[in-house]
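Here is my note on the model, as numbered points. Please read it with the coordinates open.

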2 protein chains.
Amino acid sequence: MSGTAVSEMKRFRDDTCQVFCFNRETVQAISRQMLEAPVVERLSGTFKVLGDRTRVMVLYALSKHELCVCDLAAILKMSRSAVSHQLRVLRDARLVKYRRDGKMVYYSLDDRHVLSLFEQGLEHVAHEQPDRDRQD
Amino acid sequence: MSGTAVSEMKRFRDDTCQVFCFNRETVQAISRQMLEAPVVERLSGTFKVLGDRTRVMVLYALSKHELCVCDLAAILKMSRSAVSHQLRVLRDARLVKYRRDGKMVYYSLDDRHVLSLFEQGLEHVAHEQPDRDRQD
DNA sequence: TGAACATATGAACAACTGCTCACATGATAA
DNA sequence: TTATCATGTGAGCAGTTGTTCATATGTTCA
């Protein structure tokens with residue numbers, strides 16, 4: 001794939017767009033502005049962590065009050081093990097922090113942005129009801 | 001699981017927290033405030049859609065300019081089929097809209113909140129570098 | 001020390017996701 | 001109509017994810 005002529009392009013499989021289709025300049029301009037791979041990785045990674053029922057509930061509960069694993073499990077009606085696994089994910093994503101007090105471990109939110117993200121998300125969700133398959 | 005005595009609880013498996021562990025009142029208070037299931041569902045669903053490299057790049061590209069599938073595929077260096085599949089997910093989540101013009105279909109952002117979400121996400125990500133395993 | 005208990009974690013498994021491939025759909029133009 | 005092209009989509013698959021189970025870790029208290 002170098003200086004191949006357009007006529008030869010037709011032989012290529014469909015695995016990348018074979019011609020700079022219709023807006024070569026736009027494509028190049030946006031390609032230059034595109035987010036760098038590690039940024040995309042971290043950004044999608046953060047959203048992925050938020051993209052799970054259990055973790056959403058954990059974060060919401062923690063936004064109300066610092067809680068130990070056992071209380072979280074009771075609130076979510078889930079096993080402590082499952083909650084603990086998810087808390088690890090949230091810790092790794094730096095969305096929660098913890099503090100040890102004897103046998104207990106108390107978790108709380110560790111990010112000033114999580115709540116803003118939640119609110120933005122809720123706003124999107126609030127305007128979500130209407131008709132299917134909008135074309136414009 | 002009704003009025004079972006605490007001493008009997010020990011026989012239960014670990015699948016839900018067997019005692020209202022340490023903060024019965026907090027647990028009950030937060031349980032009452034908890035988000036309703038459908039809200040949790042839609043909220044985590046929205047974040048899940050944003051939690052993917054390809055879709056993050058698609059949305060970012062569309063935030064710069066309305067684009068057809070072929071141009072998007074060229075920008076992302078991916079097959080048109082893959083991009084088309086992801087555009088369907090984004091459409092279903094009401095994050096993009098489209099407009100037909102002859103054979104072409106042009107996509108653009110369909111949500112005033114997506115960009116705010118992106119910015120919040122980027123802010124979180126920006127403060128993410130430092131030391132591992134913070135305990136406080 | 002050892003028992004009891006809160007939490008953490010590895011393995012395993014079922015469910016889900018994102019890609020490719022092949023084909024379908026829908027539009028344009030001869 | 002047919003040929004061509006942009007896009008859409010179903011099946012299949014490899015890779016990922018979230019839970020359970022069993023067990024490990026780490027703390028308190030006798």
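**Notes on the two-chain model**

1. Helix 3 of chain A and helix 4 of chain B are roughly perpendicular to each other. The angle is about 110°, and it counts as roughly perpendicular because the range for that class is 65 to 115 degrees. The axes of helix 3 (residues 37-50) of chain A and helix 4 (residues 53-64) of chain B lie 9 Å apart. Keep in mind that this is a predicted model.

2. Which residues make this helix contact? From helix 3 of chain A come Val40(A), Glu41(A), Leu43(A) and Ser44(A). From helix 4 of chain B come Arg53(B), Val56(B) and Met57(B). By class, the residues of this contact divide into 4 nonpolar, 1 polar and 2 charged.

3. The same surface serves both copies, since 96% of the contact residues of chain B recur in chain A.

4. How many salt bridges does the structure hold over all chains? The count is 6. One of them joins the side chains of Arg99(A) and Glu66(A), with 2.8 Å from N to O. This pair links distant parts of the chain, 33 residues apart. Arg99(A) sits in strand 2 (residues 96-101) of chain A, while Glu66(A) is in the loop between helix 4 (53-64) and strand 1 (67-68).

5. Arg88(A) pairs with Asp92(A), and their closest N and O atoms are 2.9 Å apart. Both residues lie in helix 6 (residues 80-92), 4 residues apart, about one turn of the helix. Arg88(A) is partly exposed at 41%, and Asp92(A) is partly exposed at 38%.

6. Chain B has a bridge between Arg88(B) and Asp92(B), with the closest N and O atoms 3.0 Å apart. The two residues lie in helix 6 of chain B, 4 residues apart, about one turn of the helix. Relative accessibility is 41% for Arg88(B), which counts as partly exposed. Asp92(B) counts as partly exposed too, at 39%.

7. Next, backbone angles in chain B. Lys77(B) has phi near 55°, a positive value in a residue other than glycine. Lys77(B) lies in the loop between helix 5 and helix 6, and it is exposed, with a relative accessible area of 65%. Arg94(B) is not a glycine either, and has a positive phi of about 60°. The place of Arg94(B) is the loop between helix 6 and strand 2 (96-101) of chain B. Arg94(B) counts as buried, at 5% relative accessibility.

8. Last, Ser79(B). Where is Ser79(B) placed in chain B? Ser79(B) is in the loop between helix 5 (69-76) and helix 6 (80-92). Ser79(B) is buried, with a relative accessible area of 18%; this follows because buried means under 20%. The C-alpha atoms of Ser79(B) and Val69(B) are separated by 9.7 Å, and the residues are 10 apart along the chain.

Key: Residues numbered from 1 in each chain as written. Chains lettered and ligands numbered in written order. Predicted model: local features only at pLDDT ≥ 70, side-chain atom pairs only at ≥ 80, totals over all residues. Heavy atoms only, no water. Buried < 20%, exposed > 50% of the residue type's maximum accessible area, 1.4 Å probe, protein only. Salt bridge = Lys/Arg side-chain N within 4 Å of Asp/Glu carboxyl O. Axes fitted to C-alpha atoms, helices over the stretch in contact; angles between N-to-C directions. Parallel < 35°, antiparallel > 145°, perpendicular 65-115°, else oblique. Contact = heavy atoms within 4.5 Å. Nonpolar A, V, L, I, M, F, W, Y, C, P; charged D, E, K, R; others polar.
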